[in-house]
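Let's take a friendly walk through a protein model. Have a look at the sequence and the structure first, and then read on.

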Amino acid sequence: MKLYLLNMKKLAVFALALFAVLATGLSSCSRTELVESISNEELFSLSYGAFEEQLDLFSLNQIGDISTGLCMQDGFFYIVNGEADKIMELNSYGDLLSLYYNEDSSTKKLIDSQKDVKLSVHTEIPYSFEYPGLIAADTAKNLYVLCSVPRNRQEISEDGSLLLKDVILRLSRDGSYIDYIGQQGPGGTPFPMVKDIYVTENNELVVTTININGLTVYWYTSDGFLKYMVPVIADTVPKIEGAQADSEVYLTIENAVPDPYADKLYVNVDYSSAYIDKATNVQSGIQYAGTMLYPLDMETELYGQGISIPPYEETVTVDYSKLTYKLPYDFLGITKNGWKFFVITTATGFDIEMIHGENQRILRRHFNANHSDILYHNMSLSNDGIISAMYIEQDRARVVWYRTDKLTDN
């Protein structure tokens, strides 16, 4: 069996092409099963602007990535607004508790121009970092923020294939700047492109980076020193069970998320296989074959027994026939009580799939959302099992949460 790393863009193009074909002569489309909806609890909203309690999102009408994201820890919300080079700490009512900003940012200039500003909530960061929009918090409320260093401090990897430009900024609970984490630890070499950052229940930082063969995961102690560096690449990922020996199987390493307590990763892998046209007996594309979640021991670098992740299913009626197509969920994260969360965007909102590995119990819920009103969204799963979301709309940004923890706790 040949294994290939499937480029994400190719998979997206294939999915769109498949949908276009199915839409020809489309008469109806529905889920194969009814999924109970769970309502969100709207906590607060933020207006747009340059002031300290506002979000600077004036670049929404321009081409490029959105550099704003959030996380939640113990009911406190942390929002990084990369467009304004600032980080905000707010309570569940939307009150600004702390504000961190770059020493040469527009936020700094605005604060300096105000005479009645509450300086007690402000902390100036002594480096010219850019913030791509990833943030995490530990149980002690220390912050970890993804930053891009200035061009004159960026490096090239030894083989010349990767640009090293990302570091993780550390801020203490009292608002002071600690340091930044690079590959080797405090003050280390910048990372290649960072996919995501996590903090375990032991307050250990985990950084997943992207390389040409998959991912590389860096795991640090609570003091910031390198504990593990493990590649997660196609050549070492287990082969999908039941595949034919002479068939071509394509795989995508979709994500790798740390266990909240153990030194273990959960690696999410999507598999696809060649699609053979029955009329011509010629390969005419690829088709989704399944998703597996594998535990990876960080110390031994060995994979354990994987579990199959049921896909999202949609039934399409074309003329007088029905066709059910399947799509993989995105791996959102793991809670401290062992539930794995998966999410996918649907026409009417988001579908959430929650799986407990020990007994294979599966819960599915739907979040209603009007995508025509939402210009951009960012979701975050806390270790307690609460999903927080920031919905960027035309006139404001809404922060909501979904109490999925009540479902998994029960």
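## Before we start

This is a predicted model, in which local features need pLDDT of at least 70 and side-chain atom pairs count only at pLDDT 80 or more, while totals for chains, interfaces and linings use all residues. Residues are numbered from 1 along each chain as its sequence is written, and side-chain values use heavy atoms, with hydrogens and water left out.

## The whole chain

The protein chain has 3 helices and 32 strands. Both kinds of element are DSSP runs numbered from the N terminus: helices are H or I with at least four residues, and strands are E with at least two.

Of its 410 residues, 52% count as buried. Buried means under 20% relative accessible area, exposed means over 50%, and partly exposed lies in between (1.4 Å probe, protein chains only). Among contacts (heavy atoms within 4.5 Å) with a separation of 6 or more, 50% come from residues 24 or more positions apart.

In soluble globular proteins, nonpolar side chains tend to be buried together. A nonpolar core here is a set of buried Ala, Val, Leu, Ile, Met, Phe, Trp, Tyr and Cys residues joined through side-chain atoms within 4.5 Å. Which residues touch the most other members of the largest core? They are V232, L265, V267 and Y271, out of 36 residues. Strands that each supply at least two residues of this core include β19 (226–233), β21 (264–277) and β22 (282–297). A second, separate core has 24 residues, among them L55, L90, I111 and I392.

Take V267 as an example. Leaving aside neighbours within four places in sequence, V267 is in contact with residues including V232, I253, M292 and Y303.

## An open sheet

Five strands form an open sheet in the order β9-β10-β13-β14-β15, with antiparallel pairing. Strands β9 (135–137) and β15 (185–186) stand at the edges with a single partner strand each, so one side of each has no neighbour in the sheet. Two strands pair if DSSP finds at least two bridges between them. The antiparallel strands β14 (residues 177–182) and β15 are joined by 2 bridges, and I181 has P186 in β15 as its bridge partner.

## Aromatic rings

The structure holds 14 aromatic pairs. Rings of Phe, Tyr and Trp (its six-membered ring) pair if their centres lie within 6.5 Å; planes under 30 degrees apart count as stacked, over 60 as edge-to-face and the rest as tilted. Y127 and F129 have ring centres 5.4 Å apart and planes at 40°, so this pair is tilted. Y127 is partly exposed at 32% relative accessibility, whereas F129 is buried at 1%. Together with Y177 and Y180, Y127 and F129 form one aromatic cluster.

F367 and Y402 form a stacked pair, 3.7 Å centre to centre with 5° between the planes. This pair links distant parts of the chain, since F367 is in strand β29 (residues 361–368) and Y402 in strand β32 (residues 397–402), 35 residues apart. Both F367 and Y402 are buried.

## Two loop residues

Most residues other than glycine have a negative phi. D74 is not a glycine, yet has a positive phi of about 55°. D74 lies in the loop between β4 (68–73) and β5 (76–81).

N203, also not a glycine, has a positive phi of about 60°. N203 is found in the loop between β16 (194–199) and β17 (205–211). Is each of them buried or partly exposed? D74 counts as partly exposed at 41% relative accessibility, while N203 counts as buried at 17%.
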